Amino acid sequence: MCGRRGARIAVTGASGSGKSTLLHLIAGIDEPTGGTAGWPRLDGHPRQHPGRIGIVLQRPALLPTLDVGENVALPLLLAGRPAESARLAAGDTLALLGLTELVDRLPHELSGGQAQRVAVARAVAARPQLIVADEPTAAMDTDGAAHLVDALLAVADRTCAALLLATHDTAVADRLQQRWHVVDGTIEPRPEPSC
């Protein structure tokens, strides 16, 4: 366990408001067309530090020819971890999320909720400092969304990572402590509480 938990931030706003763009800039997937983006706690761009940011997208995007264990281990292998170390870390992460029984299954053998939880495992296998989740519950029913958010919060707590999650779902947003509301590419300031 960690001594200090990271931030838990919901990013809300209408479709097309800029939520995904904001998350992609923070994750280092996209570059700003104007201005700059900085990552002071990472000591440079996320691409210079593979594994410090874990990304969960709207769809699981698992590689169909790799089993669950291989999908979760893949980012570790790409970051230069030895194969045995990556395999063990993938197994530990799947256990952390209660997915051990899926380790040998192929993506087409998973339900949508299972596949999305495996995508969470893949994103956090390297124990990132920040988990960026872009509408991960968009294609789920209420129960599935609640279970996925449970998993994200639990793994963020266990790994001491901050969590930044874009969502349209107010029930999901209400589970995170902070909210950034995006309107036309701008984060709206939060109103000051009245006395």
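Predicted model: local features only at pLDDT ≥ 70, side-chain atom pairs only at ≥ 80, totals over all residues.
Being 3 residues apart in helix α3 (residues 83-96), Arg87 and Glu84 are separated by about one helical turn. Helices here (H or I, at least four residues) and strands (E, at least two) are DSSP runs, numbered from the N terminus. The side chains of Arg87 and Glu84 meet in a salt bridge, at 2.5 Å from N to O; the term stands for a side-chain nitrogen of Lys or Arg within 4 Å of a carboxyl oxygen of Asp or Glu. Side chains of opposite charge can pair when their charged atoms come close. Arg87 is partly exposed at 48% relative accessible area, and Glu84 is likewise partly exposed at 44%. Buried means under 20% relative accessible area, exposed over 50%, and partly exposed in between (1.4 Å probe, protein chains only).

Residues are numbered from 1 along each chain as its sequence is written, and side-chain values use heavy atoms, with hydrogens and water left out.

The structure holds 5 salt bridges. One of them joins the side chains of Asp150 and Arg175, again with an N to O distance of 2.5 Å. This pair links distant parts of the chain, 25 residues apart: Asp150 sits in helix α5, and Arg175 in the loop between α6 (170-173) and β5 (178-183). Asp150 is partly exposed, with a relative accessibility of 36%, and Arg175 is partly exposed with 37%. A further salt bridge brings together the side chains of Arg179 and Asp174 (2.5 Å, N to O). Here Arg179 counts as partly exposed at 31%, whereas Asp174 is exposed at 56%.

Helix α5 also takes part in a helix pair. Helix α4 (residues 112-124) and helix α5 (residues 142-159) pack at an angle of about 15°, and their axes lie 10 Å apart. The axes are lines fitted to C-alpha atoms, for helices over the stretch in contact, and angles run from 0 to 180 degrees between N-to-C directions. The two helices, α4 and α5, are therefore roughly parallel to each other, a label for angles under 35 degrees, with over 145 as roughly antiparallel, 65 to 115 as roughly perpendicular and the rest as oblique.

Which residues of α4 and α5 meet? On the α4 side they are Gln116, Arg117, Val120 and Val124, and on the α5 side Leu148, Ala151, Leu152 and Val155, where contact means heavy atoms within 4.5 Å. By class, this contact has 6 nonpolar, 1 polar and 1 charged residues. Ala, Val, Leu, Ile, Met, Phe, Trp, Tyr, Cys and Pro count as nonpolar, Asp, Glu, Lys and Arg as charged, and the others, Gly among them, as polar.

Val124 also touches Thr93, as do Ala121, Ala125 and Arg127, not counting residues up to four places away in sequence. Thr93 lies in helix α3 and is buried, at 0% relative accessibility.

Arg127 itself belongs to the loop between α4 and β3 (130-134). Its phi is near 55°, a positive value in a residue other than glycine, and Arg127 is partly exposed at 37%. Cys160, in the loop between α5 and β4 (162-166), has a positive phi of about 65° although it is not a glycine. Cys160 is partly exposed, with 28% relative accessibility.
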